[in-house]
Amino acid sequence: MPVSSAQNRRTLLKTAAILTLAGLAGCSTTSVLAPPGDGSDQTEATLGLINGLRKERGLSPLSRDPAAASAALSQAGRMAKAGKMAHLIGITDSFGGRMKSQSVALPAAENIAVGQADAQKAYLAWLNSPKHLENMLGPGYSGLGVAVMRNPASGNRPYWAMVLSSGT
């Protein structure tokens, strides 16, 4: 009995769908190393530097925001675990979703960095980056959280995250 062209197309489409799903199942959007190790809240070490900058520009000071500090520590940990600096880690990640799930008052902004030995060096990296500087000078922000995380599996490189929020 001859096979119709419609049956051939259906078979071809089914095969393509199976191969596509198999390929996606094998994909990984991040290279996960191991759980992060050594992390700390660096908000206090950074707050004076940022508030000094904001004062020079006639902007109101920021204050420590516990939700932003927690979100910063979480993001630093996510980057350390993945072994890469990125705002979005994983195909379903979203900045807004992360901030909402961690009760960070919106609007919010995030600065990230990798490799700086201490809070002052991370601050200087952000200061010398136009987009990061713009975030630090955002007039709508009143809260701040800064954190660093190191992961032994990625050579203990320091991964930094700063979260600026509109509430404290």
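**Exercises around Ser165**

Ser165 counts as buried because its relative accessibility is 0%; buried means under 20% relative accessible area, exposed over 50%, and partly exposed in between (1.4 Å probe, protein chains only). The structure is a predicted model, in which local features need pLDDT of at least 70 and side-chain atom pairs count only at pLDDT 80 or more, while totals for chains, interfaces and linings use all residues. Residues are numbered from 1 along each chain as its sequence is written, and side-chain values use heavy atoms, with hydrogens and water left out.

**Exercise: confidence and overall layout**

Determine over which residues pLDDT stays under 50, and state how many helices and strands the chain has.

*Solution.* Begin with confidence: pLDDT is the predictor's confidence in each residue, from 0 to 100. Its mean over the chain is 80, and 72% of the residues reach 70 or more. Residues 15–35 stay under 50, and the model has 22 contacts for them beyond four places in sequence, a contact being heavy atoms within 4.5 Å. Where pLDDT is low, the predicted coordinates should not be read in detail.

Then turn to the layout. Helices (H or I, at least four residues) and strands (E, at least two) are DSSP runs, numbered from the N terminus. The chain has six helices and five strands, arranged along the sequence as α-β-α-β-α-α-β-α-α-β-β. Of its 168 residues, 39% are buried. Among contacts between residues at least 6 apart in sequence, 72% join residues at least 24 apart.

**Exercise: the setting of Ser165**

Identify the strand that holds Ser165 and the side chain with which the Ser165 side chain makes a polar contact.

*Solution.* Locate the residue: Ser165 belongs to strand E5. Its bridge partner is Gly143. Next, examine the side chain, which makes a polar contact of 2.5 Å with the side chain of Asp65. A polar contact is a pair of N or O atoms within 3.5 Å; within protein, one must be able to donate a hydrogen and the other to accept it, and residues adjacent in sequence count only if both atoms are side-chain atoms.

Finally, follow Asp65 to helix H3. A side-chain oxygen of Asp65 lies 3.0 Å from the backbone nitrogen of Ala67, capping the N-terminal end of H3. Ala67, Gln75 and Met79 are among the buried residues of H3. Just after H3, Gly83 takes a positive phi of about 75°.

**Exercise: the strands**

*Solution.* Two strands pair if DSSP finds at least two bridges between them.

As to burial, seven of the eight residues of E4 are buried, so E4 is largely enclosed by the rest of the structure. In E5, Tyr159, Ala161, Val163 and Ser165 on one side and Trp160, Met162 and Leu164 on the other are all buried, which leaves both faces covered.

**Exercise: the nonpolar cores**

Find which members of the largest nonpolar core touch the most other members.

*Solution.* A nonpolar core is a set of buried Ala, Val, Leu, Ile, Met, Phe, Trp, Tyr and Cys residues joined through side-chain atoms within 4.5 Å. The largest has 20 residues, of which Trp126, Met136, Leu144, Trp160 and Met162 touch the most other members. Helix H2 (43–56), E3, H5, helix H6 (130–136), strand E4 (143–150) and strand E5 (159–165) each give two or more residues to this core. The greatest contribution comes from H5, with four. A second, separate core of 18 residues includes Ala67, Ala80, Val104 and Val163.
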